[in-house]
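I'd like to walk you through one protein model, a piece at a time, so let me put it on the screen.

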Amino acid sequence: MTNQFISYPQRIAHQCAETIIRLMKKDGLNWTKEWISPLPNCNAITGHQYTGSNTITTSLNALNFGWTDPRWITAAECKRRGISFKGCRATPIFYYKPKQELESEPNDKNLWSGLKWYNVFNLDQFSLTAENCEDFIKLPKADIRVETQRFSDIDNFISKCGIQIKEANSAFYRKTDDSINIPPIENFKTDLGYYSVLLHEFIHATGVPDRCARQCYVDYHYMEKQRAREELVAELGSAQLAVWFGITKEPDINNAAYIKHWVELLEDHPSEIFKAARDAADAITWIKEIVKCHMPMEELDGSVATQAA
């Protein structure tokens, strides 16, 4: 396929996949460490947090260009405020419009199979005056709680979801009794290692038909590529969950075998990184809905309550 037949979203997916592949080859199990921000990327005005492929596009551009502020502003908002973005690199934010709206805009140049996008810019790209940014959301204060308090949040949350945690010789999710099986915490080098694996398996638990119904989860034991894809979803999702709970995800040595498969998957099908990010976002959405339904906000302290609000 020549470049002239590749749509803009596909081209962006290819660029993101190339960066992810480079990080996987360079950093191995630590491939998410450089670009999963401790503060989720969000709209500087509304505070809306980006999800799915937009987590990928914003985070990788921030990594590639050294931007550290997690806040972003749209081109339209820049114009309204008199902020010049001439010569600044734009980052696309993708979204789908309802079918009825698409039918009324048949000539929109940004449409691609129902996909639209608009451009945003990171605040680090500008030298802003107080007048420009007085109504921007404030960056949250650092979570000063000790790790054990954050781990308690995770234990409390999973127990409210109704998913059992059982002691086992290895880590896996079992659908038949809706349980996460994991070795005792004493078997891990660090408590952080235990909770990193627990969050990974928790993402797997969202793949069942009565939750997110991921096809790659359904085909996990039958197709090698689907197994690799489901593990990629779990890795992306658990990395975002770790941020949500205010911990730094520790790489799991058991995932080392998947690095090669992930590289091959993305080299053959670059758009898979967007698909995996979308599935991870769906898992996080399901989890946040559970928080709203089963766990009062006052029970969640610190970073979790902030992110879930």
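Which residues of α1 are buried? They are Pro9, Ile12, Ala13, Cys16, Ala17, Thr19, Ile20, Ile21, Leu23 and Met24. Please keep in mind that what you see is a predicted model.

Now look at the helix itself. α1 covers residues 8-27, which makes 20 residues. From its first C-alpha to its last it reaches 28 Å, close to the 28 Å expected at 1.5 Å a residue. Just after α1 comes Gly28, with a positive phi of about 60°.

Let's move on to the sheet. What is the order of its strands? The order is β5-β7-β6, in an open sheet of 3 strands with mixed pairing. β5 (164-167) and β6 (172-174) stand at the edges, and each has a single partner strand, so one side of each is left without a neighbour in the sheet. From one strand to the next, the twist averages 30°.

A quick reminder for anyone new to this: strands of a sheet pair through backbone hydrogen bonds, either parallel or antiparallel. In our model, β5 pairs with β7, residues 179-182, in the parallel sense, over 4 bridges.

Asp178 sits in the loop between β6 and β7. Asp178 is not a glycine, yet it has a positive phi of about 50°. Ala213 is found in the loop between α7 and α8 (215-218). Ala213 is not a glycine either, and its phi is positive too, at about 50°.

My last stop is Asp279, in helix α11, which spans residues 272-294. At 10% relative accessibility, Asp279 counts as buried, because the cut-off for buried is under 20%. And what does Asp279 touch? Leaving aside residues up to four places away in sequence, Asp279 touches Arg214, Cys216, Arg229 and Val233.

That's my tour, and I'm happy to go back to any part of it with you.

Technical notes
Residues numbered from 1 in each chain as written. Predicted model: local features only at pLDDT ≥ 70, side-chain atom pairs only at ≥ 80, totals over all residues. Heavy atoms only, no water. Helix = DSSP H or I, 4+ residues; strand = E, 2+ residues; numbered from the N terminus. Expected span 1.5 Å × (residues − 1). Buried < 20%, exposed > 50% of the residue type's maximum accessible area, 1.4 Å probe, protein only. Pairing = 2+ DSSP bridges. Axes fitted to C-alpha atoms, helices over the stretch in contact; angles between N-to-C directions. Contact = heavy atoms within 4.5 Å.
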